[in-house]
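Let's take a friendly walk through this model, from the whole chain down to a single residue. Keep the structure open beside you as you read.

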Amino acid sequence: MKKTLKELAEWLGGKVVGDGDVEISGVASIDEANPGEITFIANPKYLPKLAQTKASAVIVSPEVTQAEKPLLCVPNPYLAFAKVVSLCSSQPYQPKGIDAQAWVSPTAQLGKDLTLYPFVYVGDRCRIGDRVTLYPGVFIGEDASVGEESILYPNVSVYSRTVIGKRVILHSGVVVGSDGFGYAKDGKKNVKIPQVGTVEIEDDVEIGSNTTIDRAALGKTIIRRGVKIDNLVQVAHNVIIGEDSIIVAQVGISGSTKIGSNVTLAGQVGVVGHIEIGDNVMVGAQAGVTHDLPANQGYVGSPALPHREFLRAITVFPKLPEMKKTLNEIEKRLKELEKNVLSVREEK
Amino acid sequence: MKKTLKELAEWLGGKVVGDGDVEISGVASIDEANPGEITFIANPKYLPKLAQTKASAVIVSPEVTQAEKPLLCVPNPYLAFAKVVSLCSSQPYQPKGIDAQAWVSPTAQLGKDLTLYPFVYVGDRCRIGDRVTLYPGVFIGEDASVGEESILYPNVSVYSRTVIGKRVILHSGVVVGSDGFGYAKDGKKNVKIPQVGTVEIEDDVEIGSNTTIDRAALGKTIIRRGVKIDNLVQVAHNVIIGEDSIIVAQVGISGSTKIGSNVTLAGQVGVVGHIEIGDNVMVGAQAGVTHDLPANQGYVGSPALPHREFLRAITVFPKLPEMKKTLNEIEKRLKELEKNVLSVREEK
Amino acid sequence: MKKTLKELAEWLGGKVVGDGDVEISGVASIDEANPGEITFIANPKYLPKLAQTKASAVIVSPEVTQAEKPLLCVPNPYLAFAKVVSLCSSQPYQPKGIDAQAWVSPTAQLGKDLTLYPFVYVGDRCRIGDRVTLYPGVFIGEDASVGEESILYPNVSVYSRTVIGKRVILHSGVVVGSDGFGYAKDGKKNVKIPQVGTVEIEDDVEIGSNTTIDRAALGKTIIRRGVKIDNLVQVAHNVIIGEDSIIVAQVGISGSTKIGSNVTLAGQVGVVGHIEIGDNVMVGAQAGVTHDLPANQGYVGSPALPHREFLRAITVFPKLPEMKKTLNEIEKRLKELEKNVLSVREEK
């Protein structure tokens, strides 16, 4: 791309402070930007870097009203940055066709303009939408479907009957539809409960590398529209994750739990099975959620507490040894005092 | 299948309450069941749903003695349910043979009635038992063996010399036999300790997607008969897991630790190296086990405490700020009182 | 190998106690060693086993001055053991060439003496160094490079433009260069921030099975020379890990965090984004690091505290219920006493 700052401001719906005619041909981080590039500051903690960056312009929030650099002021600098990076990096899709070393079942229904790399396997009766990209080592089991414009990176495994929506991105090593973890004890022996349900992944979902999503025992595991899941996350059987929720790396969600929409589970959070987490809930890193969480609040700790309650308690935690000591001393002094008071009384 | 409730009851060793002639042709969850299907209630909390389900019959425990629905009463409803699902879903094994695009070493010993999909790799001197299924992208390294009727799902990697038993199920992305994590420090430099041991997985083990089981430094890492491991679990070198134990998702077990038989480690538990966990132990989610655990007890917390001890302590945790405040006040009042008592004494 | 103990001592720079002419032809653990083999004791807790082992000689530290067995005394027995295992197990590299079922782009630059197994994919313009081994199912994206003598085990995925150094080992299922987890909120909608940076893995790095290393949003994610990473670890975008650091299984490191050199993060540690961990820091298992950590210290707990501080506090934790009870009793006794003192005063 090559645009003036003024043109970018118009495209983004922002305001220029300073020279709007400066030419922008790329985007970079504030430390690495060179002349000709634009950068951004979303976190006020980085504002001192405004004076040092070599970038030709900086995207900032409207609170910043002057600088030695030309500024592009927008209400949400991070979002504007995302849009500029997209503008700079996006390339039109070029289908590569179906490689001779891909294995595609004759009963599969294939869309137009596909890219199927070598060593892709597409099973019987699969449906593959238009402009889908399947990288090497991707496995699509029988009767599964992949919606249009989805991208499955190398070595993704999609078990049979899984339904994947449109514009879904599955990164390398993702497994969708493996058996849920269900056994009934027969004495000490573990008897497998066949997992005969499926997984449904709706449109515009992105799932990070080596994340695993198990098929339902009966019924469906469902990942709703717009959900974004990071790497190495475990989603157990019959879980439902609501629209636009964000699940950060290494989270584990146990069976039959329902996560609301627009929820954020931070890294390494664990959630027990058969509970509900309300809409817009935020759960802090490493928390352990053991019961239903009402909507619109923040939680942290293991077991999870409301955010503020946990913070107040954890602040006291390092003072426990001192508290214990004080308590012991007080007990002694009290005993002493009781003796004294008793003797005073007796003396009378 | 198509059976009367009476026939099912006979097969399961249960008792019918109500109409035993009702015909059952499928199984579903209590919310999704339709007429003609059977469902189950294992958890008494779901008993109110008995009145609402559309199922034609319900598997329950013998405590439930009447309902508007025909009932099938058995001592272990969850186990009976597992058996009915198996009955409905199991299909006879149909070998597909060895695909032309599989790569099989001429020195491999192959059993009968195999299913080897395209892009499978079977290395030199491997032994593959009868009726084994290897899905696309499965790698079997040199001198490894896979016992009869085992199923290895797509993109499973089995390193050289690994021994896998009969009727073992490895889900997609499982890695067995990768190098254990062992380095000796030479100053600051990390010198790799070659991992020359192996892994042995006994019969009837099931391992979840993307779980990793490292080979021993010397000797063997061993997963004993009937163990069930969930997704994304880490089993380090020289670990031994005893028979019928259950290891839930995202657990990590450090090197040379011995887990007894019939143990349950819940989700995200971490266990340090070189310790022993006794038989029948249950460890709660996210616990951190730092020393030997005697048999037959429950533990939770990080570091892990006996279940009850942890529960009592964690209940007090949110009250810490209040306790601290009380303690400070008491200290002040005590000081005041000491002064008073002193003055009383002096006045005398 | 076949060497006398004397010859081994010379090679390792150690001292023989006892018969130096005993012949050593292998190495094993202290419990499993047979005559003709050497073993080692690095941890003094295993010294009682010296009397029981069937090994012909034992590597120990110089503090051990006599035993019924011949001894090889060295300052660092674990390091000496590592060297002896290497000596016994290392075999000269034998290139297998490029299998006919590997897919290699005509624009790739290939070194000498390669081993490319079937079902390997090497994309356009890749550079593959001399004596590189790529196992089945390895994917190398466009414009990526792999330095000489590196080994990529089965089903490793290397995204486009990733740079991998010399003598690097990537175990099965490792993903390098997948998109970092970055979205800007546009109302409730998550707008993807294209991840246009790369990953650089320097020389002599080893990465465990199913670990994921994300590409930078802009700029680079960097794993420096000699770093060793265990299985199932998550390294987010723009992270930098300093030389010779050790990252144990299931650790998660959030975006833009800088880890110093010679750092150890124990199993299941979580580190938030945008912070710095100093050189030589050790963080205990399951800790949660929420802010910068100064160099040369140990930390543990979630949130992480200095090692000693945490230990002292956690020791008090199980006594909380008792402390609470004591506090309540003290409050009552104090009240009683205050009443008494008041009455004494009034009586006067």
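## Before we start

A residue is called buried if 20 or more other C-beta atoms lie within 10 Å of its own, exposed if 12 or fewer do, and partly exposed in between, with the C-beta atoms placed from the backbone. By that rule, buried residues make up 54% of the 348 residues in chain A.

This is a predicted model, in which local features need pLDDT of at least 70, side-chain atom pairs count only at pLDDT 80 or more, and totals for chains, interfaces and linings use all residues. Residues are numbered from 1 along each chain as its sequence is written, while chains are lettered from A and ligands numbered from 1 in the order in which they are written.

## The shape of chain A

Chain A has a radius of gyration of 28 Å, whereas a compact globule of 348 residues would have one near 20 Å; the radius is taken over C-alpha atoms, and the globule rule is 2.2 Å times the number of residues to the power 0.38. Along the principal axes, the C-alpha atoms of chain A fill a box of roughly 105 × 75 × 30 Å.

An automatic or database domain assignment divides chain A into domain 1 (3-89), domain 2 (97-309) and domain 3 (318-347). The C-alpha centres of domain 1 and domain 2 of chain A lie 36 Å apart. In secondary structure, chain A has 4 helices and 40 strands, counted as DSSP runs (helices H or I, at least four residues; strands E, at least two) numbered from the N terminus.

## Where chain C meets chain A

Two residues are in contact if their C-beta atoms, placed from the backbone, lie within 7 Å. The contact between these chains takes 55 residues from chain C and 57 residues from chain A. On the chain C side, H4(C) gives the most, with 10 residues.

How do the two copies relate? Chain C can be laid on chain A with an RMSD of 0.1 Å by a turn of 120 degrees and a shift of 0.0 Å along the axis, superposed by least squares on the C-alpha atoms of residues with pLDDT of at least 70 in both. That is the relation of a three-fold axis.

A:Ala287 sits in the loop between strand S37 (282-283) and strand S38 (288-289) of chain A. Is A:Ala287 buried or exposed? A:Ala287 is buried, because 30 other C-beta atoms lie within 10 Å.

Leaving aside neighbours within four places in sequence, the contacts of A:Ala287 include A:Val269, A:Tyr299 and A:Ala304.
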